[in-house]
Amino acid sequence: VLNTRSMSTEDAPPNYNADIDSAPPLYTADGDEVQAQPSAPVQPLGSNQIVVQQQPVQQQQQVVYVDQYGNPIQQQQNVQYVVVQNPNPTVQAIELQVNNNQQIPIDQSQQPSSIPLNTTSYVPKDDNHKWINDDELPPDYESIIAGEQPKEAPKKGMGCIDGCMATPHLKSWFFTLLCLFFIICYFICLISLDTMCSCDCYSYSSSICDDTLETCDSWDLECDFPCSMTYTLGGGFWGIVAAAYIFYLCEVFFCSSSFKYLRNVHEQETIYKYIERLHSYPPTIWWRVECYHYETRYRTVTDSNGNTRTESYQEKVVTHTASANYQYNSWCDVSVQMTGLDEYNLTKLKNYKTFTFANAQTENDYNYKAQLFRQANDRDVYQNFWYGVEIQDFKDKLLVEVQPGARSSTISVNCYVMSSLALCSVCFRMYFASVCGRKKYVFNKQVSI
């Protein structure tokens, strides 16, 4: 039953167009908005007229996808696959491996809400507690991309000057020249021994004094340089030469980057498989601390005049060590694509590794747990804290061939060893650097909680 109360035009509501005021905007396939057409205007109401207007019900539009022949098809949902790896989702505490073979769990029941987000590093309580990154700092991506200059054909190398400027081999030069210096001095003295050495023998009886160098007493023997070093020292001189040669060999086989490159030779096809395999390996983020102090010790020394004195010195005493790994929930490899390996016939590939955080919450969690780890192992005056990331099968130096056979037979480990034993390591390295190019690459692992 309708209410028959009279309604004046002043009490009437404003004109209402359901097509414009209630319907949501429509868009075409190109993203353009479709303007709704206004309906016929509503006539004003009389003073004693009652008009009932039914608002049209806006029906929900249903979109049907069809193929090129007009047959309806089902819309494919955009499914995003996320591959995560949980190293240990059930672990509730970090186990520390300390020198006394005890496991010290860290209570992680407290939430790191008190620590502000975007905390880049834990600030130690004083200058005696250091934070040290054990991994070599990687270069920025801009410098890597800027160094790439693709060519139509691979180049034979950087050239002798550019190769030597990139790696001057200063340590090898020093020990090589040191050994050659001793050997040259020995041959100079051997050739001119009679002119450089004399026996200054003095005795009351001339029959006792012998001026020959073979029978001359060491106190009476006088020699000029270099015989004063080679002939006067005798067997001690060859001990010095042997020590210098040993240091030279240690630098050749343990400190040389050229030797590391020659031991890790890859072809261009195999290097891409190697990099792809390292992209699939999860990172291991580790922490290590060392607590220590200095103690004053005393020792007795004797000077050249035979006088003795007691002097003090400081000795480092390590009292505690511990290590642990950071536990995360998921990770992904965000390394850039490898390019530029076809610029040279041979390329020295220098690899770096680092880790980043997917969001501020992960970075906050990392700093919070690192703080707990350091506080639980702060047991002396000084503390060093190291951190880094490990990736399975990671090698920092690789030698890449653009194609099989691009490396000559002289660029090998055997030639390197033979030339180094003959004190020609610097010559081999200079030639090796001249026929190779250089490339850098960064393995970046992103972790998240």
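Student: Why is Asp 393 called partly exposed?

Tutor: Happy to walk through this predicted model with you. Asp 393 has 38% relative accessibility, so Asp 393 counts as partly exposed.

Student: What makes the contact between Arg 277 and Asp 393 a salt bridge?

Tutor: The cut-off asks for a side-chain nitrogen of Lys or Arg within 4 Å of a carboxyl oxygen of Asp or Glu. Here the N to O distance is 3.8 Å, so the pair qualifies. This pair links distant parts of the chain: Arg 277 belongs to helix α9 (residues 268-279), while Asp 393 sits in the loop between β14 (382-390) and β15 (397-401), 116 residues apart.

Student: How do you know that Arg 277 is partly exposed?

Tutor: Its relative accessible area is 34%, a value between 20% and 50%, so Arg 277 is partly exposed.

Student: Why is Lys 397 called buried?

Tutor: Buried means under 20% relative accessible area. Lys 397 has 11%, so Lys 397 is buried. Lys 397 forms a salt bridge with Asp 396, with the closest N and O atoms 3.3 Å apart. For Asp 396 the value is 28%, which means that this residue is partly exposed.

Student: Why can such side chains pair?

Tutor: Opposite charges can pair when their charged atoms come close.

Student: How many salt bridges does the structure hold?

Tutor: There are eleven. Salt bridges also link Glu 295, Arg 297 and Glu 315 in a network.

Student: What makes Asn 329 partly exposed?

Tutor: Asn 329 is at 39% relative accessibility, between the 20% and 50% limits, so Asn 329 counts as partly exposed. Asn 329 lies in the loop between β11 (308-325) and β12 (330-333).

Student: Which C-alpha atom is 4.8 Å from that of Asn 329?

Tutor: That of Ile 449, a residue 120 residues apart from Asn 329 along the chain.

Methods: Residues are numbered from 1 along each chain as its sequence is written. This is a predicted model: local features need pLDDT of at least 70, side-chain atom pairs count only at pLDDT 80 or more; totals for chains, interfaces and linings use all residues. Side-chain values use heavy atoms; hydrogens and water are left out. Helices (H or I, at least four residues) and strands (E, at least two) are DSSP runs, numbered from the N terminus. Buried means under 20% relative accessible area, exposed over 50%, partly exposed in between (1.4 Å probe, protein chains only).
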